Amino acid sequence: MDFAFDARTEELRGRLLAFMDEHVHPAEAVAEEQRAALADPWTAPPVVAELQAEARRRGLWNLFLANQHGLPDGEYGAGLTNLQYAPLAEITGRSPQLAPTALNCAAPDTGNMELLAQFGTEEQRKRWLEPLLEARIRSAFAMTEPEVASSDATNIETRIVRDGDDYVIDGRKWYISGAMNPACEIFIVMGKTDPDGEDPRRQQSMVLVPRDTPGLQVRRAMRVYGYEDHYHGGHAEVLFDGVRVPAANLVGEEGGGFAIAQARLGPGRIHHCMRLIGMAERAIELMCRRALDRTAFGKPLAAQGVVQEWIADSRVAVEQLRLLVLKTAWLMDTVGNRGAHTEIQAIKIATPRTVAGIIDRAVQLHGAGGVGQDFPLAELWAAARTLRLADGPDEVHQRSLARRELRRYR
């Protein structure tokens with residue numbers, strides 16, 4: 001990447017690149033060996049704690065928490081802007097299983113920390129945000145449901161009913177990221193407090209539910225293209241059966257859940273896209289090395305015309321995506337998430353789709369090795385393809401983006 005960022009970003013990039021080369025990439029194989037030996041596969045391998053300690057020592061901690069949240073620089077995070085964070089998140093995308101967690105910049109904790117920073121009470125921040133910022137606990141965001149099309153949040157069926165000084169929660173969620181990790185101690189649950197309300201976007205609320213609350217059952221791990229994603233705590237099916245929590249656990253106000261979800265998902269979408277560019281760069285690197293190392297039909301793969309096209313098209317696509325992501329980050333910093341709405345949707349549509357295609361080319365070039373465990377490509381592809389669904393499927397963003405575009409001509 002040849003962009004000239006501000007001095008602080010360039011200095012952090014240098015530190016992070018060194019950290020990746022000296023610690024993260026060498027730890028990938030170590031983490032796999034350690035995880036295979038664990039009695040509980042959902043527990044983080046010991047090398048993760050070592051990486052986190054080293055990241056903190058190098059000042060590479062909580063880089064994601066953008067300064068527009070009004071939190072003191074240095075107390076809750078690095079205080080970077082989205083534009084400053086973008087090239088750093090891209091670098092972590094080269095090792096998506098380890099690097100974001102090593103820097104305490106992994107989803108879903110990042111979005112949950114931002115949510116608590118923006119909407120949590122002082123008590124909620126003290127109890128849950130502070131240990132999350134220290135990586136002493138993990139968290140989950142419980143929104144998606146198996147019985148309804150959760151791409152339309154107004155469909156959500158989970159009920160949150162006020163009963164005196166408590167709320168009682170009943171519902172079933174699935175693909176709840178991070179919930180299998182035994183360190184996950186808090187769930188942010190979205191459900192309906194006013195299911196018959198006139199405004200469908202004011203029916204939902206969010207509440208904080210500690211993991212040990214009676215009635216909360218983490219039932220099973222959901223697979224993603226055959227993977228269980230042990231490093232990020234899996235994606236669980238969770239049952240809330242008469243779960244009772246104090247009314248003080250409400251996040252924001254009753255009826256504010258939809259708006260809070262949108263505020264949370266905006267930064268999450270761009271963070272995913274930032275990391276996806278790093279995943280694409282890793283795929284291009286592997287593609288080039290493979291093309292130069294292997295010979296077929298009497299000449300190196302790198303001399304085959306179709307392979308050259310794959311590499312060239314991949315480079316062009318990554319450069320286009322990066323510019324769009326950086327523009328979006330700049331807009332979020334200067335005019336806010338609402339002002340960057342079109343661009344956030346555009347990158348969410350374009351980046352996972354394009355990066356999955358780049359990784360697919362790398363898989364093809366690696367032959368049988370591309371679909372196996374000796375290279376990271378199959379798992380990278382599964383992650384990229386899944387992001388066409390996560391945080392809103394492509395079609396929802398296309399629908400909204402098209403409506404905005406058409407509105408200009410009416």
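A: One term to begin with: buried means under 20% relative accessible area, exposed over 50%, and partly exposed in between (1.4 Å probe, protein chains only).

Q: Got it. What sort of model is this, and what should I know about it?
A: This is a predicted model: local features need pLDDT of at least 70, side-chain atom pairs count only at pLDDT 80 or more, and totals for chains, interfaces and linings use all residues. Residues are numbered from 1 along each chain as its sequence is written, and side-chain values use heavy atoms, with hydrogens and water left out.

Q: How many aromatic pairs does the structure hold?
A: It holds 3 aromatic pairs. Rings of Phe, Tyr and Trp (its six-membered ring) pair if their centres lie within 6.5 Å; planes under 30 degrees apart are stacked, over 60 edge-to-face, and the rest tilted. One of the pairs is Trp-174 with Tyr-175, edge-to-face, at 5.2 Å centre to centre and 75° between the planes.

Q: Why does Phe-187 count as buried?
A: Because its relative accessibility is 0%. Phe-240 is buried as well, at 1%.

Q: Back to Tyr-175. What about its phi?
A: Tyr-175 has a positive phi of about 55°, although it is not a glycine. It lies in strand S3 (residues 166-177).

Q: Where is Asp-229?
A: In the loop between strand S6 (216-221) and S7. Asp-229 counts as buried because its relative accessibility is 16%.

Q: New topic, prolines. Which peptide bond is cis?
A: The one from Ala-107 to Pro-108, with omega near 5°. Pro-108 lies in the loop between helix H4 (99-102) and helix H5 (109-119).

Q: And where is Pro-26?
A: In helix H1 (residues 7-37). Pro-26 is partly exposed, with a relative accessible area of 45%. Its C-alpha is 14 Å from that of Pro-46, which is 20 residues apart along the chain.

Methods
Helices (H or I, at least four residues) and strands (E, at least two) are DSSP runs, numbered from the N terminus.
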